[in-house]
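Hi there,

Here is the structure I promised to pass on. Have a look through it first, and then read my notes below.

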Amino acid sequence: SGMIDFHRISPQSPAALAAGFILGGPVREYLLFAATLPCYAVLLVMIPGELLERGADAGLLWLLPVLFLTLALVYHTLGVAAGLTVSGKKYSNAGSFALLIIIGMHALCIFPPMSYLSITAPTVVAFGGDRMHLPVALTFFGLNLPLPLLSLLHQALLFAVLWHVILQKIR
């Protein structure tokens with residue numbers, strides 16, 4: 001569409017361009033997400049006692065919106081990286097869509113370590129479910145980390161790698 005060429009003409013740093021591609025495209029989705037946060041806060045304040053008795057962790061439930069936001073950021077970064085690195089425009093959308101499907105929906109079945117890059121495992125752990133036999137916490141270099149925090153670490157690593165790829169392609 002020529003959008004990348006137009007942005008290359010403007011005098012901005014590669015980091016500013018990358019941030020604009022990642023945050024500027026889905027800005028409506030981020031605003032809609034922010035609009036749902038008050039409702040989520042009301043729901044968490046009024047958590048039924050039976051949910052807490054079944055093992056739901058109120059502290060981890062407050063962390064879920066952060067996980068949703070960071071995971072959306074990682075997925076948008078993955079889409080930008082796929083769009084910039086695929087040489088043929090014909091397959092760039094299909095490739096990034098296939099990666100999102102594999103990581104997001106089938107992570108637990110195909111490759112269990114990728115479940116930390118989806119919202120499924122941390123949500124099940126936060127609500128106290130043990131249907132997937134997931135550990136509530138894992139040891140990471142001697143630290144006992146809850147699964148949602150370990151998910152944030154995985155997302156941060158993937159985001160850093162994708163950010164580096166995007167900056168290299170824009171330069």
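Does Tyr-30 count as buried or exposed, and why? Tyr-30 counts as buried because its relative accessibility is 17% (buried means under 20% relative accessible area, exposed over 50%, partly exposed in between, with a 1.4 Å probe and protein chains only).

Before going on, please keep in mind that this is a predicted model, where local features need pLDDT of at least 70 and side-chain atom pairs count only at pLDDT 80 or more, while totals for chains, interfaces and linings use all residues. Residues are numbered from 1 along each chain as its sequence is written, and side-chain values use heavy atoms, with hydrogens and water left out.

Tyr-30 sits in helix H3 (residues 27-45); helices are DSSP runs of H or I with at least four residues, numbered from the N terminus. Beyond its neighbours within four places in sequence, Tyr-30 is in contact with Ile-22, Leu-23, Leu-69, Ala-72, Leu-73 and His-76 (contact means heavy atoms within 4.5 Å). Tyr-30 and Leu-69 are 39 residues apart along the chain, yet their C-alpha atoms are separated by 8.0 Å.

Next, find Thr-77 in helix H5 (residues 58-85). Thr-77 is buried, because its relative accessible area is 0%. Not counting residues up to four places away in sequence, Thr-77 touches Ile-22, Phe-159, Leu-162, Trp-163 and Ile-166.

Ile-22 also turns up where two helices meet: Pro-14, Ala-15, Leu-17, Ala-18, Ala-19, Phe-21 and Ile-22 in H2 meet Trp-163, Ile-166, Leu-167 and Ile-170 in H9.

Enjoy exploring!
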